[in-house]
There are 2 protein chains.
Amino acid sequence: MSELDAVLARIDADLDPSLERLFDWLRIPSVSADPAHAGDCRRAAEWLARDISGLGFTAGLEETAGHPIVLGRAPAPGKPRVLFYGHYDVQPADPVELWETPAFEPRVATLADGRKAIVARGACDDKGQVMTFVEACRAFKAVTGSLPVDVTLLVEGEEEVGSRHMPGFVESRRDELEADVALVCDTSMWDPRTPAITVSLRGLVYEEVTVKAADRDLHSGLFGGAAQNPIRVLAAIIAALHDPQGRVTLPGFYDGVPEPPADVVEQWRGLGLTAETFLGPVGLSVPAGERDRMVIEQIQSRPTCDVNGIFGGYTGPGAKTVIAAQATAKLSFRLVGAQDPDRIRASFRAFVRDRLPADCEAEFGAFSSSPAVALPYTMPALKRAQQALTDEWGREALAIGSGGSIPIVGDFKRTLGLDTLLVGFGLDDDRIHSPNEKYDLTSFHKGTRSWARILAALAQA
Amino acid sequence: MSELDAVLARIDADLDPSLERLFDWLRIPSVSADPAHAGDCRRAAEWLARDISGLGFTAGLEETAGHPIVLGRAPAPGKPRVLFYGHYDVQPADPVELWETPAFEPRVATLADGRKAIVARGACDDKGQVMTFVEACRAFKAVTGSLPVDVTLLVEGEEEVGSRHMPGFVESRRDELEADVALVCDTSMWDPRTPAITVSLRGLVYEEVTVKAADRDLHSGLFGGAAQNPIRVLAAIIAALHDPQGRVTLPGFYDGVPEPPADVVEQWRGLGLTAETFLGPVGLSVPAGERDRMVIEQIQSRPTCDVNGIFGGYTGPGAKTVIAAQATAKLSFRLVGAQDPDRIRASFRAFVRDRLPADCEAEFGAFSSSPAVALPYTMPALKRAQQALTDEWGREALAIGSGGSIPIVGDFKRTLGLDTLLVGFGLDDDRIHSPNEKYDLTSFHKGTRSWARILAALAQA
């Protein structure tokens with residue numbers, strides 16, 4: 001039995017205890033967006049630091065002005081060096097009433113098609129994914145007494161709220177974080193049987209805008225007709241953000257958006273991602289983006305604008321005849337190519353201000369701001385990792401684009417000069433950010449085995 | 001000293017105890033919109049029935065499928081008969097954090113300009129107003145041993161949620177409710193020194209619409225661009241409800257809207273209601289309604305459409321990259337003239353459905369549905385009441401239109417053949433339906449005196 005086979009056998013034998021460890025972590029409601037959960041975020045960080053301390057890591061918490069960062073070092077002089085990144089924070093569980101079982105009481109459920117899955121907030125995004133890497137390290141340590149490569153582990157607690165403190169942290173600790181390649185486990189497979197490495201990520205600009213009119217809520221019987229209604233103003237602004245062809249109307253929005261070469265488009269066409277296969281599972285059937293683009297373009301290579309939330313006026317049960325003093329929307333822009341986050345934010349704010357009628361003003365809040373990232377197809381680690389994944393899953397691992405945004409990848413490149421290998425085992429039906437988030441047991445188990453194979457492959461570099 | 005003078009003197013002497021009684025009633029949080037306050041609504045009804053039982057009324061609670069109705073009868077054979085209507089339910093107190101003191105802990109505050117006012121939810125709308133009538137009855141009973149007219153008192157608990165059960169109740173008890181004129185105390189003065197009788201009321205159609213797209217919340221990173229966004233769809237529908245001139249775009253919306261005669265318009269112009277005087281006090285300056293209409297038309301004689309509330313997606317602090325499964329808005333239409341509530345509701349629903357893109361559906365909820373009401377200037381009781389008000393306030397009482405809606409007035413006409421005298425002592429700055437609702441102490445005191453004068457005047461009919 002080769003060393004790798006022994007490590008894989010160990011992972012198989014250790015599956016139940018590894019699940020128990022993940023469940024322990026999932027029980028901590030580390031919701032970074034809610035200040036009431038700050039203590040839970042710290043507990044989740046401490047849990048991980050303690051857990052990896054048993055695997056040869058020197059690990060501790062690095063304080064920030066927000067939630068702490070877990071930093072672990074397992075040096076292996078002379079060996080290739082990897083910098084693994086993940087996050088321990090999770091999305092809020094709301095609407096909580098739509099969870100079949102409580103969000104922070106993990107369980108293994110059997111899906112309608114017989115698949116088994118871990119159900120909990122964070123099961124996939126990102127605690128479950130992080131633990132595939134940690135468990136692979138644990139198996140190496142158990143079987144060989146050490147890790148096959150030099151590992152720095154960096155797990156933050158603010159990914160879901162814009163990773164505010166990561167760029168500064170990476171900048172200030174650049175010497176300690178030196179490596180040959182960065183690894184991130186926060187992405188998806190192509191489908192439940194086909195592994196994938198993500199080679200491009202969309203950027204993200206997230207804005208909150210509040211439109212204000214009267215200095216108080218008004219009775220619509222007395223003032224209706226004459227008083228400006230901020231919900232109506234906000235609705236008109238949101239409605240104006242797209243034209244009938246589904247294009248975003250912000251001036252300069254498409255500056256820097258590249259057209260993919262014809263052969264790449266042809267390749268995409270060959271993947272057969274249809275509205276039916278992609279949208280059907282969530283109850284939709286017609287792509288809602290730019291009319292002249294394929295679904296795969298709409299979700300990967302084209303920029304978007306989405307309203308993520310809106311509220312104003314009376315939102316309780318029944319009727320209240322009020323004209324609200326203000327209304328708020330949360331919007332995000334997914335960016336591609338060379339789109340500039342700062343210019344798009346400025347363009348959005350000007351767009352809003354240009355459309356404010358008399359008596360209205362707007363206030364803005366800025367959250368994420370990251371450009372798109374594209375990784376070089378020629379990365380040496382890419383081919384090794386692809387082969388390792390292909391060996392594990394028995395199907396050729398694809399190099400794909402992702403519609404999501406992982407801002408840290410751009411920082412790793414800019415600050416550390418590092419390319420990032422984005423390997424993840426999420427699936428489209430994982431309901432991340434939604435009620436009943438899950439992570440297939442197969443993703444967890446074979447994901448752990450995949451990392452073992454990838455670490456072994458990288459060790460031979 | 002005449003009998004009326006003695007009654008007025010009694011009202012003056014009884015001011016402090018009458019305030020204490022009102023405060024007792026205001027302390028009961030009878031929020032009809034919130035099922036959690038159903039018990040409080042019943043307590044508020046019981047409080048009033050008990051209070052008027054001491055004034056010669058036979059009073060009790062009439063059960064409905066919702067909150068009970070207080071019905072009191074004080075017969076006076078051979079005398080003119082009045083049917084007084086009011087409501088004991090109040091609007092929700094939210095946003096509670098904007099109240100300077102708790103909404104259900106009434107107090108007397110001194111305003112910046114020296115006026116004294118009762119501050120509490122319901123201080124004006126409608127408990128304070130109802131008690132001006134009750135206290136006038138109490139003073140008559142104390143001084144003369146009886147009431148000067150035959151009084152039926154009808155105080156419901158569902159006015160703020162659409163008076164769902166009143167039409168049926170009035171229909172089923174038409175014989176008991178027979179009278180010569182109906183009285184309602186739920187309207188406003190022209191200004192703090194000028195009393196007014198309201199002779200026209202706008203109607204009301206209130207709708208809730210929920211637009212649904214995917215069968216679950218989606219991650220905007222994975223699905224953004226391709227998945228239909230119900231907030232965007234709802235915003236586009238709301239934005240389309242008005243044209244750039246401020247007119248409502250629903251087909252048929254203006255059917256039945258009368259143009260006032262030139263001399264009436266001239267009279268309105270003479271009232272000098274400007275954007276500055278009407279909107280200035282709430283921090284606005286430019287009328288937001290139909291561009292070619294005066295402010296007084298926009299708020300009284302023209303129909304309107306307002307969004308009263310909207311919610312969808314993530315509404316908590318910070319950022320969440322979600323595409324919501326659904327979004328909801330609450331909208332109301334104020335009607336005038338012969339506009340038909342049913343046709344306008346149907347037109348709105350068709351308007352929404354016509355604008356739903358693929359993969360979206362809409363669900364509707366119906367709340368209020370009442371046509372506009374206009375009272376005859378020739379009502380015999382009108383001149384008597386105007387003179388009584390003029391006597392009390394020392395300024396000529398105006399006959400005015402109101403932008404608000406009191407659906408019961410139409411039912412009184414249709415079912416009982418009764419015209420309604422709408423006399424109220426609210427002021428534009430009373431913040432009804434808003435935090436820090438108040439009722440001027442002068443409104444309460446001179447309002448009570450006004451009712452004593454009106455009852456005395458009606459007794460001579």
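How many bridges join β11(A) to strand β11 of chain B, and do they run parallel or antiparallel? The count is 5 bridges, and the two strands run antiparallel. Strands here are DSSP runs of E, at least two residues, numbered from the N terminus, and two strands pair if DSSP finds at least two bridges between them. Within this pairing, A:Gly312 stands opposite B:Ile310 in β11(B).

Some ground rules. This is a predicted model, where local features need pLDDT of at least 70 and side-chain atom pairs count only at pLDDT 80 or more, while totals for chains, interfaces and linings use all residues. Residues are numbered from 1 along each chain, chains are lettered from A in the order written, and side-chain values use heavy atoms, without hydrogens or water.

Now the interface. Contact, meaning heavy atoms within 4.5 Å, involves 82 residues of chain A and 82 residues of chain B. The buried area, that is, the accessible area (1.4 Å probe) lost on putting the two parts together, summed over both, is about 7400 Å², with 55% from carbon and sulfur atoms. On the chain A side, strand β11 (residues 304-313) gives the largest share, 9 residues. That side divides into 38 nonpolar, 28 polar and 16 charged residues, with Gly counted as polar.

Salt bridges between the chains number 0, taking a Lys or Arg side-chain nitrogen within 4 Å of an Asp or Glu carboxyl oxygen.

Finally, the record. UniProt, in an unreviewed entry, places "domain: Peptidase M20 dimerisation" at residues 201-359 of chain A; such annotations may be inferred rather than shown by experiment. The end C-alpha atoms of that span lie 41 Å apart.

How values were computed
Helix = DSSP H or I, 4+ residues; strand = E, 2+ residues; numbered from the N terminus.
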